[in-house]
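Work through the exercises below with the coordinates open. Each task is followed by a solution in steps.

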Amino acid sequence: MPFPRSCSVFSALLGLWSAASFAAEPASSLPSITLFVVGAPEARASVHEWVQERPTGLPVTLRLAELPTVPPQPGGDPQLLELERHLQEARRHYINAEFADCLEVIGNEGVLPRSLSQGHRQIVARWLLWQVACHVGMRREETALQVASELGVLGLELPEDIGVLPPEVGRVLVHGAEEGAARAHTTLHVTSDFGPARLSLDGRPGVCVAPCSIDVLEGRHVVRVDAEGRQFAVQVISAKGPELPVAFTTLPASPELAASQWAAHYGASSASLDSAGSLRLLSTALRAPRLVLLTGDAERAGYRLRGTLAIQGLAAARTERQAERKALHGAVEGVLRDLLVQGHVVEPAPALYRRRDFWIAVGVAALVAGATTTALLWQRPVRTEVGF
């Protein structure tokens, strides 16, 4: 019978085609994509459910990500609580005329720059006040005047604690502050290795954006710069003369710090989620070399999906689609595929006639058709024998 023979030929050719197809597609590791979803809660939940089902339509490995959270510290700022404790202890020593012990409690030189860098101007003024009071108690009026002059240099207001101190302490404090406020000016030329960097001066935030120039009184000042995606940097400078350059070098932010910066600057507004600064912070916070930010906004007919692909923190592709509620998963897959192709993470699918498998299949089909046709048309030769 011809049919079994034709079937065996077909099976052999099909095996060869399968082997050739497998050889044409070498195994390779799939690129990893971090997916961060924001927007309508129901859209986020649906997309998360779809990803957890491990969709196979995309040639990538998807990883869902959430921002790392930093739990709030109970009981207030520990630094402020510690400073307040020292101030109360200094006051007790002063009342008991234990002036040396008073200065020992609040004589730490590192408190002033550390507190000013955090914006605690009022507590610094109180710290200086009790230093002045204890120096006056020890009959060190010149030293007390030098300490009091920092109130004027830093532009600090006289604290309310002055009302519980003797008049001579108030006199020295006011005189020293006036002397500090009358000093000559120095122009600081501030630069940073990373920008834009917001500059704080002596605990006053938002003074300018580096590079910039600011005028200060001669004396000690605390300068701080903050830039997105970087750790803040602080310098204690001694201003003197007409001009002084101040250059800052910053370090990259930790993922936790980047998450905190993103939440503070972008988390509350959907308008700038896909901006350059937001994408850079998210990539750091989520440890995502390849990040897809997907925003699902609810609309009457369904959802509006906006997707952005960031590679190493820089936007590489953007796309947008409308999606019906029942077809959300398919639309999400379409958005991801568009981004991956535009961002050159994966190659676009070639046209059918450009695929090797297509021509292998055509060849196999032609061979099978030819073999089948031959088998159908082939007839056993007629053998005629004549006998006498």
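**Exercise 1.** In this predicted model, find the residue with a positive phi in the hairpin of strand 7 and strand 8.

Solution. Six residues lie between the two strands of this hairpin. Within the hairpin, G229 takes a positive phi near 80 degrees. Next, take the pairing: strand 7 and strand 8 are antiparallel and share seven bridges.

**Exercise 2.** Determine the strand order of the open sheet and name its edge strands.

Solution. Start with strand 4 (residues 197-201), which is joined to strand 7 (residues 219-226) by four bridges in the antiparallel sense. Here R198 faces D226 of strand 7. Extending to the whole sheet, the four strands follow the order 5-4-7-8, with antiparallel pairing. Strand 5 (204-210) and strand 8 (233-239) each pair on one side only and are therefore the edges. On average, neighbouring strands of this sheet are turned by 30 degrees against each other, direction ignored.

**Exercise 3.** How are helix 3 and helix 4 oriented relative to each other, parallel or antiparallel?

Solution. The axes of helix 3 (residues 78-95) and helix 4 (residues 99-106) come within 8 Å and cross at roughly 170 degrees. Angles over 145 degrees count as roughly antiparallel, so helix 3 is roughly antiparallel to helix 4. Then list the contact: helix 3 contributes H86, E89, A90, H93 and Y94, and helix 4 contributes F99, D101, C102, V105 and I106. By class, the residues of this contact are six nonpolar, two polar and two charged.

Key
Residues numbered from 1 in each chain as written. Predicted model: local features only at pLDDT ≥ 70, side-chain atom pairs only at ≥ 80, totals over all residues. Heavy atoms only, no water. Axes fitted to C-alpha atoms, helices over the stretch in contact; angles between N-to-C directions. Parallel < 35°, antiparallel > 145°, perpendicular 65-115°, else oblique. Contact = heavy atoms within 4.5 Å. Nonpolar A, V, L, I, M, F, W, Y, C, P; charged D, E, K, R; others polar.
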